[in-house]
Amino acid sequence: MHLDLDAFFAAVEQRDKPSLRGKPVVVGGTGGRGVVATASYEARVFGIGSAMPTARARRLCPNAAYLAGRFEAYRAVSHEVMELAHELSPLVEPLSLDEAFVDLTAGHDDLDAERAGAVAQRFRAAVRARTGLTVSVGVAASKLVAKIASDLRKPDALVVVPPAEQEALLSPLSVRRIPGVGTVTGDRLARSGVRTIGDLAAADEGELVRMLGKAHGTALLAYARGVDPRPVVPEREAKSVSAEETFAVDLTDRRDLGERLRRMADRVAARLTASGLSGRTVTIKVRRYDFSTLNRSRTLPHATNTAREITRYAGELLDAVDVADGVRLLGVGVSGLGEFSQADLLAELEDELEDELEDGPEDPEEAGDGHEEGKEGPPVSAQPYGPPAAGGWRPGQDVAHAGFGPGWVQGSGAGRVTVRFEGPHTPVGRVRTFRDDDPDLVPADPPAFDPGRWP
């Protein structure tokens with residue numbers, strides 16, 4: 001079984017913001033160089049799709065709501081859906097926050113197509129009841145066919161493909177439905193008269209190998225014939241952890257770039273620590289003003305997952321790059337991953353000792369306050385009243401006002417921030433505008449969703 005939450009990020013926004021229900025919503029980068037992550041189905045009518053530049057999306061649908069995204073909310077919903085999937089089977093292979101494969105045979109005996117369809121239908125109903133969202137599901141004997149089936153009738157669809165009906169389903173579909181067939185491969189196949197999966201299944205293997213190479217050619221032919229022996233693997237090993245940022249204007253100031261690099265290293269370190277991982281290779285990615293991209297890496301004598309070390313080595317790599325003409329994208333990553341080990345702790349202690357030797361003895365008046373450099377502070381909801389951190393208010397961000405209660409940011413600029421006060425279980429809320437430094441307006445956690453109050 002393959003599950004795919006429909007227009008996931010946008011659907012969560014519409015669930016939590018009554019004023020956006022039934023309207024075009026686009027989630028992603030909201031700046032001039034931003035990219036669309038998810039578009040609601042109302043926005044897709046205008047031709048907006050994932051990976052499209054946000055600037056182009058705005059031209060296609062200027063009246064859509066363009067939101068920066070709330071990944072805490074998306075992760076929370078994803079966790080609930082994956083919990084429901086694990087109730088069906090111990091073999092769940094997440095592909096992303098909104099997508100996963102589930103091996104139903106591991107949790108149910110004597111499963112035929114009809115029974116599998118009934119299990120999937122109950123799962124879809126449970127997701128709707130628990131989260132208020134819809135999920136499209138494909139059920140088939142292989143990963144490939146289940147994935148293709150889940151995409152056929154979105155949104156809110158269930159497609160069950162018995163083995164005897166697999167060929168009839170696949171044959172008329174475009175070859176581009178097969179994973180690994182993108183624009184270049186699709187065009188090459190089309191020039192040879194191969195446009196459908198049926199055409200590909202009937203193609204000569206030798207010709208495909210000459211055209212696409214042995215590995216790619218033989219794999220695509222097997223897929224076209226419905227042969228996909230890949231098992232559902234519950235734990236997918238991460239190869240690297242990274243973070244990157246595209247800038248609204250090209251940056252040349254090394255101090256500014258260094259500070260942004262440090263913040264990205266903090267995010268990478270937090271993700272490594274949360275996953276119990278560390279890595280030996282630190283890499284930076286620099287996209288220059290002319291779109292040329294440089295990748296520089298350094299392999300360490302020991303593994304690390306500390307922000308301090310990642311920042312240090314990434315900074316040294318950045319120091320060797322000419323940034324005088326401008327940098328439009330900067331990224332930091334760690335690869336060569338393995339489980340956290342005692343060597344990581346030793347490296348961190350050595351770093352702290354080295355810093356003490358460089359900086360001198362600690363000020364006794366500052367000692368003993370329990371704060372550790374590089375550690376997260378209190379959660380946003382526990383921070384004192386005050387404006388947001390540097391970067392300003394983000395469209396779609398959850399906030400709370402001392403007088404008006406919870407709401408979300410519609411937009412900000414010119415020293416003002418506009419907030420609509422509503423939540424998942426309220427009517428469409430009213431809009432108020434405040435100074436962007438209003439002490440009564442603070443960032444907030446995502447609103448709680450109560451399934452019992454959802455229609």
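**Buried residues, salt bridges and a pocket**

Biologist: Does Arg 124 count as buried or exposed, at 11% relative accessibility?

Modeller: In this predicted model, the cut-off for a buried residue is a relative accessible area under 20%. Arg 124 has a relative accessibility of 11%, and it therefore counts as buried.

Biologist: Which residue forms a salt bridge with Arg 124?

Modeller: The closest N and O atoms of this salt bridge are 2.5 Å apart. The pair links distant parts of the chain, with Arg 124 in helix H5 and its partner in the loop between H6 and strand E8 (158-160), 32 residues apart.

Biologist: Which residue meets the side chain of Arg 130 in a salt bridge?

Modeller: The N to O distance in this salt bridge is 4.0 Å. Arg 130 lies in helix H5 and its partner in helix H4 (residues 71-88), so the pair ties together parts that are 43 residues apart in sequence.

Biologist: How many salt bridges does the count come to?

Modeller: The count takes in a side-chain nitrogen of Lys or Arg within 4 Å of a carboxyl oxygen of Asp or Glu. By this rule, the number of salt bridges is 24.

Biologist: Why is helix H6 described as largely enclosed by the rest of the structure, and how many of its residues are buried?

Modeller: The buried residues of H6 are Lys 143, Leu 144, Val 145, Ala 146, Ile 148, Ala 149 and Ser 150. Helix H6 (residues 143-152) is largely enclosed by the rest of the structure because, of its 10 residues, the number buried is seven.

Biologist: How many nonpolar residues are in the lining of the second largest pocket?

Modeller: This pocket has a volume of about 390 Å³, and of the 23 residues that line it, the closest to its centre are Met 1, Thr 105, Ala 140, Ala 141 and Ser 142. Strand E6 (99-102), helix H5 (113-131) and H6 each supply at least two residues of the lining. By class, the lining has two polar and five charged residues, while the number of nonpolar residues is 16.

Biologist: What is the relative accessible area of Leu 60?

Modeller: Leu 60 lies in helix H3 (residues 54-60). Together with Val 45 and Phe 46, Leu 60 forms a nonpolar patch on the surface, with about 280 Å² of accessible area. Leu 60 is partly exposed, with a relative accessible area of 34%.

Biologist: How far apart in space are Gly 32 and Ala 248, C-alpha to C-alpha?

Modeller: Gly 32 lies in the loop between strand E2 (25-28) and strand E3 (36-39), and at 66% relative accessibility it counts as exposed. Gly 32 and Ala 248 are 216 residues apart in sequence, yet their C-alpha to C-alpha distance in space is 6.0 Å.

Terms used
Residues numbered from 1 in each chain as written. Predicted model: local features only at pLDDT ≥ 70, side-chain atom pairs only at ≥ 80, totals over all residues. Heavy atoms only, no water. Patch = residues over 30% accessible without salt bridge, like charges linked within 9 Å, V, L, I, M, F, W, Y side chains within 5 Å. Areas by Shrake-Rupley, 256 points an atom, 1.4 Å probe, with all protein chains shown as cover. Helix = DSSP H or I, 4+ residues; strand = E, 2+ residues; numbered from the N terminus. Buried < 20%, exposed > 50% of the residue type's maximum accessible area, 1.4 Å probe, protein only. 1 Å grid on protein atoms, 1.4 Å probe; cavity = no way out; pocket = protein on both sides within 12 Å on 5 of 7 lines; lining within 4 Å. Points joined across faces, edges and corners; volume = space filled by probe spheres on them. Nonpolar A, V, L, I, M, F, W, Y, C, P; charged D, E, K, R; others polar.
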